[in-house]
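Keep the 3D view handy as you read.

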Amino acid sequence: MKSPVNLRYMTLAQIVGCCLVILGHSFPFIIAYPAGGYKFISFLYAFHMPLFVWCSGFLFAYTCQSKCKSFGMYVKQRSIKLLVPYFVLSLVGLAPKIMAASLLNDTLELNGLQIVRAFLVPREGVWGHFWFLPMIYLCVVMGYVIDKIAKQSLGGWGGITIIAFVLSFLNSGVLAWLGINDLLHYFMFYSLGIFCGYIKMPIVNKYMSICIIAVCFTISLILFFCIYDTTSILHLRNTLIAMCMICVIVHFCLIIENYIGVERNSPIAQTYQIFILSWPCQLIVGIMIERILHLSWMIFIPTVFVAGITMPLMILKVVNFIENKTNNKILSSILGR
C-alpha cells in the first residue's frame with residue numbers, strides 16, 4: 001500500500017480545507033457585518049466542503065483501500081472514525097443544547113420526533129456541522145463497493161462521476177433522512193477525487209502551477225460574480241466553482257509543500273478531529289463574545305476562527321496526556337482517532 005505520508009501537498013490541502021470550513025463557521029450569529037462578508041461566505045461555501053470530500057476520494061484511490069482491506073475491515077474502521085463521534089458526541093451535546101436553547105439559533109424541541117430527527121436527519125443534528133460525518137461515511141462505503149465492482153477502472157469511475165453529477169441535482173425532504181441528500185450532493189466530488197487518484201495526476205513545475213492557479217481562480221470569480229443566484233443554475237455554478245477552486249488549492253499546496261514542514265502525523269494534520277471539535281469550541285466562544293460581551297464583528301470573526309483551530313489542538317493535546325497516563329484510548333475512540 002502506498003503511504004499518504006509521501007503526499008505532503010494532499011496533507012496541506014486537507015489542512016487548508018479544514019481551516020476554510022472553520023473560517024466559514026466564524027461569522028456572527030446575530031451581529032451585523034458588511035455585505036462583502038456575506039458574499040465571501042457564499043463564495044467560500046461553494047468549495048470548502050467539496051475540497052474536503054475530494055481529498056478523501058483521492059486518498060482512497062492513492063492508498064488502494066479496496067485492495068488492501070476487506071469490506072468488513074474497511075467499514076469497521078470508517079464506522080469508528082466517523083459514526084462513533086457522530087452518535088456519541090451528539091448524545092453528549094443533547095442535554096446542553098436543550099438547556100441552552102435561548103442562546104442558540106438552531107434550537108431543539110424536547111419531543112420524541114425532534115430528538116430522533118436530531119440523530120437520523122444529520123442537517124438537524126445536535127451539532128451544526130456534524131452532518132458531514134454520516135455523509136462522508138456513506139461516500140466511503142459506497143465508493144468501496146463501486147470500486148470493487150468497477151475494479152478500479154478509470155472508464156467506470158468516469159461514468160460514475162457523470163452519473164453522480166446528474167444525481168446531485170436531486171433534493172427532497174424525504175431524502176434528508178440519514179443524509180441521503182448530502183450523499184447525492186457530494187458523492188460526485190468523492191468519485192472525482194478517486195478518478196484523479198487513479199490517473200496519477202502529473203506533478204507540474206511551479207510556473208505551470210501558478211498559471212493553473214491564475215486561470216482557475218479567475219474562472220471561479222467570473223462564475224461567481226457574473227452568474228446570479230437563481231435556483232435553476234446555482235447548483236451548477238457552485239459545482240464548477242468547486243472544481244476550479246479544488247484545482248487552485250491543490251496546486252497552491254504543490255508549490256508550498258517543500259517550504260512547510262507538515263507531516264501526516266502532525267497535530268495540525270488531524271483535520272477530522274479538529275473539524276469535529278471546532279464547532280462546539282466556536283459556539284462557546286461565539287456566545288461569550290456576541291451575547292455576553294457584545295463585541296463587534298471585527299473581534300468576533302478572528303477570535304472565533306482562532307478558537308476553532310487552537311482549542312481543538314489543545315483538547316487533543318490534553319487527550320494525549322490523559323491517555324499516556326492511563327494507558328486507555330477511549331477518548332481517542334470517541335473522537336474517531
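H12 passes H13 in a right-handed crossing, in what is a predicted model. The axes of H12 (residues 271–292) and H13 (residues 297–326) come within 7 Å and cross at roughly 135 degrees. H12 and H13 are therefore oblique to each other.

**H12 against H13**

- On the H12 side, the contact is made by Gln-273, Ile-274, Leu-277, Ser-278, Cys-281, Gln-282, Val-285, Gly-286, Ile-289 and Glu-290.
- H13 answers with Phe-300, Thr-303, Val-304, Phe-305, Ala-307, Gly-308, Met-311, Pro-312, Leu-313, Ile-315 and Leu-316.
- Sorted by class, this contact of H12 with H13 has 14 nonpolar, 6 polar and 1 charged residues.

**H12 against H1**

- H12 also packs with helix H1 (residues 8–24), at an angle of about 15 degrees and with the axes 10 Å apart.
- H1 and H12 are therefore roughly parallel to each other, and their crossing is right-handed.
- From H1, the residues that meet H12 are Gln-14, Ile-15, Cys-18, Val-21 and Ile-22.
- Their partners in H12 are Thr-271, Ile-274, Phe-275, Ser-278 and Gln-282.
- The contact of H1 with H12 splits into 6 nonpolar, 4 polar and no charged residues.

**H3 against H11**

- H3 and H11 pack at about 65 degrees, with their axes 9 Å apart.
- That angle makes H3 roughly perpendicular to H11.
- The way H3 passes H11 is a right-handed crossing.
- Pro-50, Leu-51 and Trp-54 of H3 meet Ala-242, Ile-246, Ile-249 and Val-250 of H11.
- What classes of residue make up the contact of H3 with H11? It comes out as 7 nonpolar, no polar and no charged.

**The largest pocket**

- The largest pocket has a volume of about 980 Å³.
- Its lining counts 38 residues, and those nearest the centre are Tyr-45, Arg-123, Trp-131, His-185 and Tyr-186.
- Helices H2 (35–45), H3 (48–62), H9 (180–198), H11 (234–256) and H12 are the elements that give two or more residues to the lining of the largest pocket.
- By class, the lining of the largest pocket has 18 nonpolar, 16 polar and 4 charged residues.

**The second largest pocket**

- The second largest pocket holds about 710 Å³ of space.
- There are 25 residues around the second largest pocket, of which Leu-59, Arg-78, Lys-81, Arg-264 and Tyr-272 lie nearest its centre.
- H3, helix H5 (71–99) and H12 each put at least two residues into the lining of the second largest pocket.
- Which element gives the most to the lining of the second largest pocket? That's H5, with 5 residues.
- The lining of the second largest pocket has 10 nonpolar, 10 polar and 5 charged residues.

**Two backbone spots to look at**

- Cys-64 has a phi near 55 degrees, a positive value in a residue other than glycine.
- You'll find Cys-64 in the loop between H3 and helix H4 (65–68).
- Asn-327 also has a positive phi, near 55 degrees, and is a residue other than glycine.
- Look for Asn-327 in the loop between H13 and helix H14 (330–334).

Terms used. Residues numbered from 1 in each chain as written. Predicted model: local features only at pLDDT ≥ 70, side-chain atom pairs only at ≥ 80, totals over all residues. Heavy atoms only, no water. Axes fitted to C-alpha atoms, helices over the stretch in contact; angles between N-to-C directions. Helix = DSSP H or I, 4+ residues; strand = E, 2+ residues; numbered from the N terminus. Parallel < 35°, antiparallel > 145°, perpendicular 65-115°, else oblique. Left-handed = near helix turned anticlockwise from the far one by under 90°. Contact = heavy atoms within 4.5 Å. Nonpolar A, V, L, I, M, F, W, Y, C, P; charged D, E, K, R; others polar. 1 Å grid on protein atoms, 1.4 Å probe; cavity = no way out; pocket = protein on both sides within 12 Å on 5 of 7 lines; lining within 4 Å. Points joined across faces, edges and corners; volume = space filled by probe spheres on them.
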